[in-house]
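User: Hey, can we go through this model together? I'd like to start with the strands and then move on to the ligand.
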Amino acid sequence: MKQITIPLPDDFHIHLRQGDALREYAKTASLQFGRVLAMPNTVPPLTTPEQLKKYREEILDATSATAPHFEVYLTFKLNKNYSENELTELRKQGAIAAKYYPFGVTTNSQDGIKNIEDLYPTISLLEKLNFVLCLHGEEPNAFCLDREKEFLKHLSKLAKEFPNLRIVLEHISSAEAAEAVLNLPATVAATITVHHLILTLDDIIGDSLMPHHFCKPLPKFPKDRDAVRAVAFSGNPKFFLGTDSAPHTKEKKECCCGAAGVYSAPVAIPILITEFENAGKLELLENFVAGFGADFYGLPRQTKKITYIKENQKIPETVDGSVPLYAGTEILYSPL
Ligand code: DOR
Ligand code: ZN
């Protein structure tokens, strides 16, 4: 294959950060994706309509000159119970999903929740108002490689208690999570990142320490990566792209207490083209990056297109002050 034209991809899970950095990260994202769902774990977290309004304006201001078509959808942090009126106001400012973080499991989750059932009153309202519930599915006190598996009991219970609520288990990283989502009703879907399709724990600590691959949930055993690959390449509409592109500055990654997150936005789509091509599943790429996610979220499918050509692209050592996935190496596709 020499070139491929696909709809401009959707990213249903991205971190755009805040302040000056947001301008750079948002601009980079807007050149790769037509639409994104931005995560709320800023400091302070996104929880009010006023904050959402300002956040959206900042993103659109940063991207309007270079990508005027770029659309941003928002999440708010489910770190307390919300009233129906509050949820309605959040919706008016572009929120389509609530994001649940358990206590302490990842970046800026010290305000996370210790018992998900404390939020059932709000989760019931999310179901009533047709929001999506996005879950960071890791159980706080479990052994690090078991945290996702241990969370799955909560997912099953949620699906049962709230049968009309659409739930996304974010960034799945284990065979057990892939299996659970497959077996739950159609209201339960999962996002898949580029890095969980390609990395295992070996790529973080197997040889030398690779801090730029360190993320949550941790990439796990080869069997887990292969299970994630199997569902991503299956054409099952429950599984779609959410990159969890999570930039931190080089200094915050290369230190004694490094932050979790892989900065994949600059390279996500060219890498996916190669991965789908190598798996012999290129015909399924379009639905994975620009079909199933939109369908699940009830958004119209993207009509704009983007073409990638088979031409090596050298990835810089840093992009926007952060070290991207595949930094300093060549990848096979470039945008036309
Ligand atoms: O590795 C991660 N980084 N996982 C998350 O869940 C959050 C993200 C971040 O915000 O840095
Ligand atoms: Zn995330």
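User: How many bridges join E2 to strand E3, and are they parallel or antiparallel?
Analyst: This is a predicted model, so to speak. In it, 3 bridges link E2 with strand E3, residues 35-38, and the two run parallel.

User: Which residue in E3 does Ile-14 stand opposite?
Analyst: Ile-14 faces Ala-38 in E3.

User: OK, and what's the strand order of the open sheet with parallel pairing?
Analyst: That open sheet has 8 strands, ordered E2-E3-E4-E5-E6-E7-E8-E9, with parallel pairing.

User: Why is one side of E2 and of E9 left without a neighbour?
Analyst: Strand E2 (10-14) and strand E9 (239-241) are at the edges of the sheet and have a single partner strand each, so one side of each has no neighbour there.

User: What about the open sheet of 3 strands, which order does that have?
Analyst: The order is E1-E10-E11, and the pairing is antiparallel. Strand E1 (3-7) and strand E11 (330-335) are the edge strands, each pairing on one side only. From one strand to the next, the twist averages 35 degrees.

User: How many bridges do E1 and E10 pair over?
Analyst: E1 pairs with strand E10 (residues 305-314) over 5 bridges, in the antiparallel sense. Pro-7, for one, has Lys-305 in E10 as its bridge partner.

User: Switching to the ligand. Which residues come nearest to ligand 1?
Analyst: There are 14 residues around ligand 1, and the nearest of them are Arg-17, Asn-41, Thr-107, Lys-216 and His-248.

User: And what lies 3.2 Å from an oxygen atom of ligand 1?
Analyst: A polar side-chain atom of Thr-106 is 3.2 Å from an oxygen atom of the ligand. His-136 also has a polar side-chain atom 3.2 Å from an oxygen atom of ligand 1. On the backbone side, an N or O atom of Ala-260 lies 2.9 Å from a nitrogen atom of ligand 1.

User: How much of ligand 1 does the protein bury?
Analyst: The protein buries 100% of the 290 Å² that ligand 1 exposes when taken alone. The space that ligand 1 takes up is the largest cavity.

User: Back to Arg-17. Is its phi positive or negative?
Analyst: Positive: phi of Arg-17 is near 60 degrees, and this is a residue other than glycine. Most residues other than glycine have a negative phi. Arg-17 sits in the loop between E2 and helix H1 (19-32), and is also one of the residues that come nearest to ligand 1.

User: Now Lys-216. Is the peptide bond joining Lys-216 and Pro-217 cis or trans?
Analyst: That bond is cis, with omega about -10 degrees. Pro-217 is in the loop between helix H8 (202-206) and helix H9 (222-232). Lys-216 is another of the residues that come nearest to the ligand.

User: What about the bond from Val-43 to Pro-44, cis or trans?
Analyst: The bond from Val-43 to Pro-44 is cis, with omega near -5 degrees. Pro-44 belongs to the loop between E3 and helix H2 (49-63). Most peptide bonds are trans.

How values were computed
Residues numbered from 1 in each chain as written. Chains lettered and ligands numbered in written order. Predicted model: local features only at pLDDT ≥ 70, side-chain atom pairs only at ≥ 80, totals over all residues. Heavy atoms only, no water. Pairing = 2+ DSSP bridges. Helix = DSSP H or I, 4+ residues; strand = E, 2+ residues; numbered from the N terminus. Near = heavy atom within 4 Å. Polar contact = N/O pair within 3.5 Å; in protein donor to acceptor, adjacent residues only side chain to side chain. Areas by Shrake-Rupley, 256 points an atom, 1.4 Å probe, with all protein chains shown as cover. 1 Å grid on protein atoms, 1.4 Å probe; cavity = no way out; pocket = protein on both sides within 12 Å on 5 of 7 lines; lining within 4 Å. Sits in = over half its atoms within 2 Å of the grid points. Axes fitted to C-alpha atoms, helices over the stretch in contact; angles between N-to-C directions.
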